[in-house]
Amino acid sequence: MIRFHEVGLSYTDGVESDGRAGLVLRDISFTVPSGGFRWLLGPSGAGKTSLLRLLTLAVRPSQGEAVVLGQPIHLASRHALALLRRRIGVVFQDFRLLGHLSVFDNVALPLRLDGRPEGQIRADVAEMLRWVGLAERMAALPPTLSGGEQQRVAIARAVINRPALILADEPTGNLDEAQAERLMQLLIEMNRLGTSVIVATHQTGLVERYAAPALRLERGRLVGDG
Amino acid sequence: MPRRRFGSNAGGWWAMAKARASRLRPARFDELGLKRAFAQRLLPLLVAAMAFLAALTLAAMLATAGLARHWREGAGASLTIQVPAPEAPAASGGGSRADAALAVLRADRSVLEARRLSGAELDRLLRPWLGAAPETLGLAMPAVITVRRAAGSPGATEEGLRARLAAAAPGVLVEAAGAWLSRLAALARSLEALAALALLIVGGVAALVVAIATRASLAARREALEIIHGLGASDAYIAGRFAGRATWLAAAGGIVGTLAALPVLALLARLAAPVAALTAPAGQGLMTMAGAVMAASVWLASLPLAAAIIGWLTAQITVRRWLHRLP
């Protein structure tokens, strides 16, 4: 379950250099139940990425209370946050792959951080790469892959440890129609099995095709929830 | 969540993929790319220089400590006694003054050995000042008695001995090495303290070098660190990866530096050997040197370990402090 109550976020301790309040998000309140699906919508600069940064635990809220997967992240210890991050799968717009590691090792990373046995890691990663159509490229380095292939590696890494929450920032931006469709089917399937999913996107066609409640942001405020 | 399979199984292809996957993980998985990012040449080189200096300083400290001990236990426990008119009757009336002084000395518990120098030995001692035939000058020569006392004999005992000697042989002169030896001992202690301070400084500089190298590699791998951190790596995990690398590089530098110092120390030991043989008690020169070499070996062997500990600790502290900029 995710519950935000009057959450504000500032990157400048709340005050800009000119003295104005520097909140990029303010008074954000919403709840996503376990196993819920939400679109995250809004124009550029509305605060979608900042809200995703809060949800991915990349920053702590400057104001208010934020509970992610049952953990109050404004209060949680560093170690508790680290453990919580292992239950969250994130697909970034810019992929965030480690360029010096092979495709296989990039996808295996969450499992290794979680201390899974190497035998299980090999089986699961090979299976996942086959599913995203990159079985033949598992030894390749990310810089040698196309944008779409890198996106698929990022998706594989995000879902490999069956997270309780998946966050995706424009996940279909670099995929062709068939791959985008396949990804959406994966997200819906994982959601059906109990994973909470939040997808930030600009693609209205996608939102129309897969009807689900949406969080709408404008100028750092939540203007719609449902 | 129940474990499930993605898509359909593809038989032979699956087995091939598994076999390929089993070969993919390198023996030493380096997810942070530290093998390239950490200053793998510069850091061991600088730590080697520190270890070299530490080895020389350590050897100097051990040598100074040995000298101080020798002065305390050896020369500090010796006395030289001059008995003027040695053949004159003793105060007690029986025998000569020289014999009476020797009897007093031999009766004292703190005295291990008391020996009157022979005429030939006296001539040899005085030859630089009085020439080859001092007896032709007609000088009244005193008897000279060398005394070796038990180490750590208290000053009160020495005072009592002086009084008994004066009573037995009036005019007797007792020359104790205590006054100048206490100054030498103070000097040796100061040198030891300076060497210890120098060792601390060398250790501090080594820690600084490791900290700078760690910070440089943190900066170089910032993006990878943020990704790993975002995937759920704990501070302990990340700090452990850096500390492991720093430990290995610092230990390698420590071994190289210590090994490089060995020939220099061997040369110094060889130069010091005659002095050690001269200053050690009779017949113990070789033993003293062997003991010093043994002690030095144990301490020198600990230098790479100390370098490794400095590397591990410094990297842990540096990385954990750096990570606090991330939530």
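## Exercises on a predicted two-chain model

Six bridges join strand E1 (residues 78-83) of chain B to strand E3 (residues 143-149) of chain B, and the two run antiparallel. Keep in mind as you work that this is a predicted model.

**Exercise 1. Work out how E1(B) sits among its neighbours and which of its side chains are buried.**

*Step 1.* Pick one residue and look both ways. Gln82(B) stands opposite Val144(B) in E3(B), and its bridge partner in E4(B) is Leu173(B).

*Step 2.* Recall a rule: in a regular strand, side chains alternate between the two faces of the sheet.

*Step 3.* Now apply the rule to E1(B). Leu79(B), Ile81(B) and Val83(B) point to one face and are buried.

**Exercise 2. Decide whether Asp105(A) is buried or exposed, and find a polar contact of its side chain.**

*Step 1.* Locate the residue: Asp105(A) belongs to helix H3 (residues 103-113) of chain A.

*Step 2.* Check its accessibility. Buried means under 20% relative accessible area. Asp105(A) has 4%, so it counts as buried.

*Step 3.* Look for a partner. The side chain of Asp105(A) makes a polar contact, at 2.8 Å, with the side chain of Arg112(A).

**Exercise 3. Find how much of helix H2 (residues 78-85) of chain A is buried.**

*Step 1.* Count: six of the eight residues are buried, and the helix is mostly covered.

*Step 2.* Name them. The buried residues of H2(A) are Ala80(A), Leu81(A), Ala82(A) and Leu84(A), along with Arg78(A) and Arg85(A).

**Exercise 4. Compare the span of helix H5 (residues 119-130) of chain B with that of a straight helix.**

*Step 1.* At 1.5 Å a residue, a straight helix of twelve residues would span 16 Å.

*Step 2.* Between its end C-alpha atoms, H5(B) spans only 14 Å.

*Step 3.* See what comes next: Gly131(B) follows H5(B), with a positive phi near 85 degrees.

**Exercise 5. Describe the second largest pocket and its lining.**

*Step 1.* Its volume is about 670 Å³.

*Step 2.* The lining has 32 residues, and those nearest the centre are Thr56(A), Ala58(A), Phe92(A), Arg96(A) and Glu226(B).

*Step 3.* Elements giving two or more residues include helix H1 (48-55) and strand E6 (88-91) of chain A, and helix H8 (222-230) of chain B. H8(B) gives the most, six residues.

*Step 4.* Sort the lining of this pocket by class: 15 residues are nonpolar, seven polar and ten charged.

Definitions and conventions:
Residues numbered from 1 in each chain as written. Chains lettered and ligands numbered in written order. Predicted model: local features only at pLDDT ≥ 70, side-chain atom pairs only at ≥ 80, totals over all residues. Heavy atoms only, no water. Helix = DSSP H or I, 4+ residues; strand = E, 2+ residues; numbered from the N terminus. Expected span 1.5 Å × (residues − 1). Buried < 20%, exposed > 50% of the residue type's maximum accessible area, 1.4 Å probe, protein only. Polar contact = N/O pair within 3.5 Å; in protein donor to acceptor, adjacent residues only side chain to side chain. 1 Å grid on protein atoms, 1.4 Å probe; cavity = no way out; pocket = protein on both sides within 12 Å on 5 of 7 lines; lining within 4 Å. Points joined across faces, edges and corners; volume = space filled by probe spheres on them. Nonpolar A, V, L, I, M, F, W, Y, C, P; charged D, E, K, R; others polar. Pairing = 2+ DSSP bridges.
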